[in-house]
Amino acid sequence: TPMEQNMTTIVFDHEGRQISIDSRLTDGSIIVSDNYEKFKFKKSELWFFCGDVSDFEGLTELNHNDKPTIAPDASAIMVRDSAVWLVTFNGEYCTHTPMKNSQSIGSGRCFALAALDFGKSAFEAVTYASTRDYLTGGKIVTYDIDSATFL
């Protein structure tokens, strides 16, 4: 089976307290799906992923400063108790960093962050990124942190 990748665009709008993510799943330059859910509820956490699909589950098992035997090729934005965390692997260990500002991760991150800078919502930022980044596309979903619901 092919290695399914999904460099994507995930935006955290700090002021609007919303996270948006696209649904495009790719394998190299091939679009596999434009309706792939790249988010997952796990216990009291909600995870939004980018990177290699096969590494998503393993990333949710790592705590801050864990040193995994196999390096995950994935990153995430995680919501727990209304707090937002950036979860990444720095080449040696896993980091969970509180997100205190608007931020974006994934292949379309620069386009999305620029859109936020120009006053766009998280949804509009991912929509804009999808016009410039071929790895971003499909259905865009938005999660409102304060109401704990998908819009």
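**Salt bridges in a predicted model**

Let's start with a count: there are eight salt bridges here, where a salt bridge is a side-chain nitrogen of Lys or Arg within 4 Å of a carboxyl oxygen of Asp or Glu. The model is predicted, so local features need pLDDT of at least 70 and side-chain atom pairs count only at pLDDT 80 or more, while totals for chains, interfaces and linings use all residues. Residues are numbered from 1 along each chain as its sequence is written, and side-chain values use heavy atoms, with hydrogens and water left out.

One of these bridges joins aspartate 146 to arginine 17, with 3.1 Å between the closest N and O atoms. Aspartate 146 sits in the loop between strand E12 (141–144) and strand E13 (149–150), and arginine 17 in the loop between strand E2 (9–13) and strand E3 (18–21), so the pair ties together parts 129 residues apart in sequence. Strands (E) are DSSP runs of at least two residues, numbered from the N terminus. Aspartate 146 counts as exposed because its relative accessibility is 56%; exposed means over 50% relative accessible area, buried under 20% and partly exposed in between (1.4 Å probe, protein chains only).

Next, look at aspartate 22 and lysine 38, whose side chains meet in a salt bridge at 3.2 Å, N to O. Both aspartate 22 and lysine 38 are buried.

Arginine 24 pairs with aspartate 34, their closest N and O atoms 2.7 Å apart. Arginine 24 counts as buried, at 13% relative accessibility, whereas aspartate 34, at 33%, counts as partly exposed.

Finally, salt bridges also link Lys40, Lys42, Glu57 and Glu61 in a network.

Definitions and conventions: Helices (H or I, at least four residues) and strands (E, at least two) are DSSP runs, numbered from the N terminus.
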